[in-house]
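Student: Could we go through this structure together, one question at a time?

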Amino acid sequence: MEIFESLLSKRGLILQKIAEELLFIEMNDRIPSVGKFSEKFNVGRGTVQTALKYLEKSGCIKLEARGHLGTFLRMKEIPQLFKYCGAERLTGVMPLPYSKKYEGLASGLTSEFEKNHLNLSIAFMRGAKLRLEEVSKGRYDFALVSKFSAAEAVKQDPQLSIALSFGKNSYVSKHAIFFSDKGKNEINNGMKVGIDNFSTDQKILLNAEVNKKEVEFVELNYMHLLQHLRAKTIDATIWNIDEVDCEMYHTRPLTSEIAKKEEAKIGEAVCVIRKENIKTEFILQHLVLNEITKIQALVEKGVFIPKY
């Protein structure tokens, strides 16, 4: 049995810590001395030397000792280091996959993780507010939300940060006002307006469109809003038009200048992490963004079967 076979053993935990240190050291830079590693992790020099030799033998790294100049990192196999630093599996939480755009992002992320020999577990949850709270509590490594929701969350919780942005219209394409009555073209006083308070994006757009009008907000699950619209239990709501058959609904473009301005940020998907989660940040930024968005586009066109 290999000495570091169990990463939960004491020596295994030291291996994880050293692998993580090396993950953030640039190629051809000097690594900390055995003595510094030993002091930092409160272990014997022999344990540190054995860990470094193990990582070299497994093909994770290549070191060059240069006498009094120190030891330099000449090669590192990042996917292998991910494995040994205990980051071989990440957990993310995304919106419910009701659109090809979301299925495309999930598929693109899964593909990139597989290329790096990493495992990705994805959970799906309605409401950016709820997803971000779960990341803040440490239950997930990252949450996929709109850039607008992320910016609002970072204002409230400085421990959160945006680790990866996917670009324009990667989250949603466009929003519109949906009416139950074909004779209506704007939100008026007395209307019942469907709102999901857990959806930061929809909430900001609705508040901008309603402005100071006296309406009755009806709290509903975002996924049920169109059903309530068809049942005429609400008079209006805001929804994104991705994959919605607009001929089935009476829709009008957003009219509020504030709503139009914020929609640009709402359209972009981002990954939010806890700032202290530097391994997750490193992994996400190591992914090839163009490959993710390429798969997303193929899923949207129907030429790539979703896989996540």
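This is a predicted model: local features need pLDDT of at least 70, side-chain atom pairs count only at pLDDT 80 or more; totals for chains, interfaces and linings use all residues.

Student: How much space lies in the largest cavity, and which residues are the closest to its centre?

Tutor: The space in the largest cavity is about 230 Å³. Its lining is made up of 19 residues, which divide into ten nonpolar, five polar and four charged. Among those 19, the closest to the centre are Y98, Y102, Y171, S199 and Y222.

Student: Which elements give two or more residues to the lining of the largest cavity?

Tutor: Taking the lining of the largest cavity element by element, the ones that contribute two or more residues are α6 (128-136) and α8 (200-210).

Student: At what angle do the axes of α1 and α3 cross, and what is the handedness of the crossing?

Tutor: The axes of helix α1 (residues 10-23) and helix α3 (residues 45-57) come within 10 Å of each other, crossing at roughly 65°. From α1 the contact draws on R11, I14, L15, I18, A19 and L22, and from α3 on T47, V48, A51, L52, Y54 and L55. These residues divide into ten nonpolar, one polar and one charged, and the crossing is right-handed.

Student: Is K213 buried, partly exposed or exposed?

Tutor: K213 is found in the loop between α8 and β9 (216-219), and beyond its neighbours within four places in sequence it is in contact with E186, I187, N188 and N189. Because its relative accessible area is 32%, which lies between the 20% and 50% cut-offs, K213 counts as partly exposed.

How values were computed: Residues are numbered from 1 along each chain as its sequence is written. Side-chain values use heavy atoms; hydrogens and water are left out. Axes are lines fitted to C-alpha atoms, for helices over the stretch in contact, and angles run from 0 to 180 degrees between N-to-C directions. Helices (H or I, at least four residues) and strands (E, at least two) are DSSP runs, numbered from the N terminus. A crossing is left-handed if the near helix is turned anticlockwise from the far one by less than a right angle, and right-handed if clockwise. Contact means heavy atoms within 4.5 Å. Ala, Val, Leu, Ile, Met, Phe, Trp, Tyr, Cys and Pro count as nonpolar, Asp, Glu, Lys and Arg as charged, and the others, Gly among them, as polar. On a 1 Å grid over the protein atoms alone, a cavity is a set of points where a 1.4 Å probe fits but cannot get out, and a pocket is an open set with protein on both sides within 12 Å along at least five of seven lines; lining residues have an atom within 4 Å of a point. Grid points are joined across faces, edges and corners, and a volume is the space filled by probe spheres set on the points. Buried means under 20% relative accessible area, exposed over 50%, partly exposed in between (1.4 Å probe, protein chains only).
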